[in-house]
Amino acid sequence: MIETGLGRRLVLAMFAWSAMAAPAVCAEPVMMTLPVGQPVVLETVSPLSSKSSVKGDLIDLRTVRDVVSDGRIAIPAGTMAKGQIAEARAKGGLGVSGRLFVRPLYVAVAGQFVRLKGQTSGKGSLSAGGVMGLVILTPAFSGRSAVIPAGTEIMAEVEKTATLSLPAP
């Protein structure tokens, strides 16, 4: 029979030996730089409308394609990003159409933020002939709301050089 103290020492010795026999592999993180102007193609996740959007609203975007730097993927396709409604004007009377401008803000990669710049817009539209005919026939005529459908691509680019520390592959 093994004494309690001896048993504990034996278990601790076995644990220490197993830890030395199979050292943990800690790979160094990979440092990647995204330069100013690096293109980032985004898309809207859900439809946007000047009817329901307000200037300053934050919106969800996502990357359409991998963003590659030095032959390696820095930002994978499908990575979520944030944008903001930069301008939203509801439709108005006498055929004044709504306007909607979206500005990308950032994409988050491994807990780090990459600032973006760029813009896309949507406008409600109607032909001049249609406006004239409707104004004559219906004095209460109003323009159309601006709509940006889900999946609309937004061309953005890196606003400020970003150095990312990414996990080793």
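User: How many salt bridges does a search of the whole structure find?

Analyst: This is a predicted model, in which local features need pLDDT of at least 70 and side-chain atom pairs count only at pLDDT 80 or more, while totals for chains, interfaces and linings use all residues. Residues are numbered from 1 along each chain as its sequence is written, and side-chain values use heavy atoms, with hydrogens and water left out. In general, side chains of opposite charge can pair when their charged atoms come close. A salt bridge is a side-chain nitrogen of Lys or Arg within 4 Å of a carboxyl oxygen of Asp or Glu. The search of the whole structure finds 5 salt bridges.

User: Which residue meets Glu-43 in a salt bridge?

Analyst: The partner of Glu-43 is Arg-62, at 2.8 Å from N to O. Glu-43 belongs to strand β2 (residues 39–44) and Arg-62 to strand β4 (residues 58–63), so the pair ties together parts that are 19 residues apart in sequence. Strands (E, at least two residues) are DSSP runs, numbered from the N terminus.

User: Is Glu-43 buried or exposed?

Analyst: Buried means under 20% relative accessible area, exposed means over 50%, and partly exposed lies in between, with a 1.4 Å probe and protein chains only. Glu-43 is buried, with a relative accessible area of 17%, whereas Arg-62 is partly exposed at 27%.

User: What does the salt bridge between Arg-115 and Glu-159 tie together?

Analyst: The side chains of Arg-115 and Glu-159 meet at 3.6 Å, N to O. Arg-115 lies in strand β9 (residues 112–118) and Glu-159 in the loop between β12 (153–158) and β13 (162–166), so the pair ties together parts that are 44 residues apart in sequence. Arg-115 is partly exposed at 44% relative accessibility, and Glu-159 is partly exposed at 37%.

User: Which residue meets Lys-117 in a salt bridge?

Analyst: Lys-117 meets Glu-157, with 3.6 Å from N to O. Glu-157 is in strand β12 and Lys-117 in strand β9, so this pair ties together parts that are 40 residues apart in sequence.

User: How many bridges join β1 to β13?

Analyst: Two strands pair if DSSP finds at least two bridges between them. Here 5 bridges join β1 to β13, and the two run antiparallel. Leu-34 has Ala-162 as its bridge partner in β13.

Key
Helices (H or I, at least four residues) and strands (E, at least two) are DSSP runs, numbered from the N terminus.
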